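Okay, thanks everyone, let's get going.

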Amino acid sequence: MGAVPSTPRHTSTTAETAEYLIGTFVGEKSFPLASDFWQKLLELPLTLRWAPHRVQQACELFALNNHHTRHLAKILIHLSWCLQEGIRTSGAPSPVYLKAVNAVYISSVFLKYIIENSQSDNMRELCLSLHENEPVPKDFMIDQKIENPVIHNVLTFLGSIDVSPTTSLLHQELLNFMLVAMSTQLLSGPTPGPKDVNPFLDAAMSQESVLVNLVVRRLLLSYIMRPCLPSSSAAYSIFSEESQQGVLQRVGSAAANLVLLPFNYLVSSNSEGSRNQLADCSLHVLLILIHYHKCVVSDGLITDTSNDSATSDTVSKVNTYFTVNPYSKALENARDIEFDRADIEGNAQNGPVVRLPFASLFDTLGMRLADETAVLLLYSLLQGNSDFLEYVLVRTDLDTLLMPILETLYSASRRTSNQIYMLLIILLILSQDSSFNASIHKMMLPGVPWYKEHLLHQTSLGSLMVIILIRTVQYNLSKLRDVYLHTTCLATLANMAPHVHRLSAYASQRLVSLFYMLSRKYNKLVELRDDKLQTKTISTGDGLVEDMSAELQIYTDFLRIVLEILNAILTYALPRNPEVVYAIMHRQEVFQPFRNHPRFAELLENIYNVLDFFNSRMDAQRTDGEWSVEKVLLFIINNCRSWRGDGMKMFTQLHFSYEQESHPEEFFIPYVWQLVLSHCGFGFNADAINLFPVDLHVNKQIYYEEPNINLNGELNEHRVQLDP
């Protein structure tokens, strides 16, 4: 297909005509916008399939000729016109939808090829403008970039036209197009810079707030309602094997069947039957939009006067800033559609706000939290939208969210580290609210069938949360050995401690065992450090010894936090937690080695004050026969009534809060795209990806850097890194 095929005769078959039109589209002859060629290309019901090598040749030839023909820009303009006409018909059945589907599909295929094979820093291969001698199309200015009106019309259609059997296929393909168009981010490094080139994303960011709100609302409604594509769309599958998936899998014409075959480089291995392509794709597009950060250079020149020899790198770094993301702001300001606020209040927040059915969103998230993208959406809402956080906290069925979260953490060995972190931070955010901590202990669970280590019968949701958090620490201690995961778990437990109510026997035992587990790690570190210090070949200034001392300090802090958790329960909630008292009495020997430790002594004074109170009364009440578990527990319950807390030292309650670091985009942009590539089947040339290191053999292998954590109660956002 190196040359343009000759024009078919009138007696030619449909296949020959299709061959001619596609060959002409990718060839070296440039057709003006007004040519009938475009209508024939978009209306022809092609039925043939090409072999993968021919499709590859077509893409290569198109990329070679596009600079001269500007056919990518022209087909995008025709797509824009089709969408405008579709918007005017307000979703009514119209032949324009077939043309629009064909246009968006063909555009996506060749746009994707050019993006992933771009060799320039400014993506000039896209050629998103017309030649100067080209007649100016209607509604376009002569110097206008094509991506701006195209993205405007794509978003307008997505935001204003309801998903219906007539329009669902076009909705799907437009979402696929958005993923392809925004994939320019994959070519940039993990830290956004002013030289990054994302023309379609930047065009999306420049839209009016009214349109942005419509798009955010429609994407979330599609995720909530999960509309299905009509069964007839299955005929448009581009693969002969039904099990294969692709981001541009369904299409309204065989033209796309013809040209997409080889583009499945990173096809997802997931084939979950419960997935809804349109809903999941809507969420993927939303997550990319809300986490995009455009870095620009400010107008004023800023230099570091403290260093006269400041380098240009230093100047450029301090002279950049991130523009406001309107999609992130729209999500942050979204309000519950059931909560009727006065319009004037909405206008006070820079105009109308997105109205969403929070109840349906809450229920949908509860059903989808096994999916990492749903976890990320929940995190984004809780962290950024105070109204949604408040809505979640006042729900009486918190188990709808918490049970899938806890079950996912229970199976941590089968989850990615990023997913574990997101879930733990969600729990930390929720635990910052005292009413949440109180209410979870009032909700009783008849059973927890997925918890296999112990029969949990009539256990409170709060007790289960304590058990799972401690189990996560135990898993991390033996497998991941990540200090910051410990901190997140302990921070949540510390927030919960003053509000603990009737903690179960098993949860109480696990809490004391947590101190024992950490104390064993602490003692092992002490032994290793002392051994190294006593070895003559290693000086006290050796880096290994310093690392051990730093780790020892961290575990000292961990032990102190656990002691403060126990203190908070004993100080503020002892009469309501006899099982905690029993667990401490049963394992009181684990505290003895630390009684004179300078960091722990004052906290252990309170614990031993409680032990002395109950031990002395047990000694005074000793009778014939041994003390059974039931007798001891009954004794504790009876004596809790006379407990007055005499001699207890009051410590300031620990309260940990979560705060994003100043540049969360360094984590979220790579993470979002990682999820998109893993879940939606969007194939991309792995050699072209610079956003994160790619393991070509294990596409979904995820590793992470530790989060920045301050033990005074602040937990900053973590960062993620993929191991190359």
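Before we start, one term: I call a residue buried when its relative accessible area is under 20%, exposed when it's over 50%, and partly exposed in between, using a 1.4 Å probe and protein chains only. By that rule, both F613 and W643 are buried.

A word on where this comes from. It's a predicted model, so local features need pLDDT of at least 70 and side-chain atom pairs count only at pLDDT 80 or more, while totals for chains, interfaces and linings use all residues. Residues are numbered from 1 along each chain as its sequence is written, and side-chain values use heavy atoms, with hydrogens and water left out.

Now, how many aromatic pairs does the structure hold? There are 28. Rings of Phe, Tyr and Trp (its six-membered ring) pair if their centres lie within 6.5 Å; planes under 30 degrees apart are stacked, over 60 edge-to-face, the rest tilted.

Take F358 and Y391: they're edge-to-face, 5.7 Å centre to centre with 70° between the planes. F358 sits in helix α15 and Y391 in helix α17, 33 residues apart; helices here are DSSP runs of H or I, at least four residues, numbered from the N terminus. F358 is buried at 2% relative accessible area, and Y391 is buried at 16%.

Back to F613 and W643: their ring centres are 5.0 Å apart and the planes are at 80°, so that pair is edge-to-face as well.

Finally, ring pairs also link F25, F31, F37, W38, F62 and F110 into a cluster.

How values were computed. Helix = DSSP H or I, 4+ residues; strand = E, 2+ residues; numbered from the N terminus.
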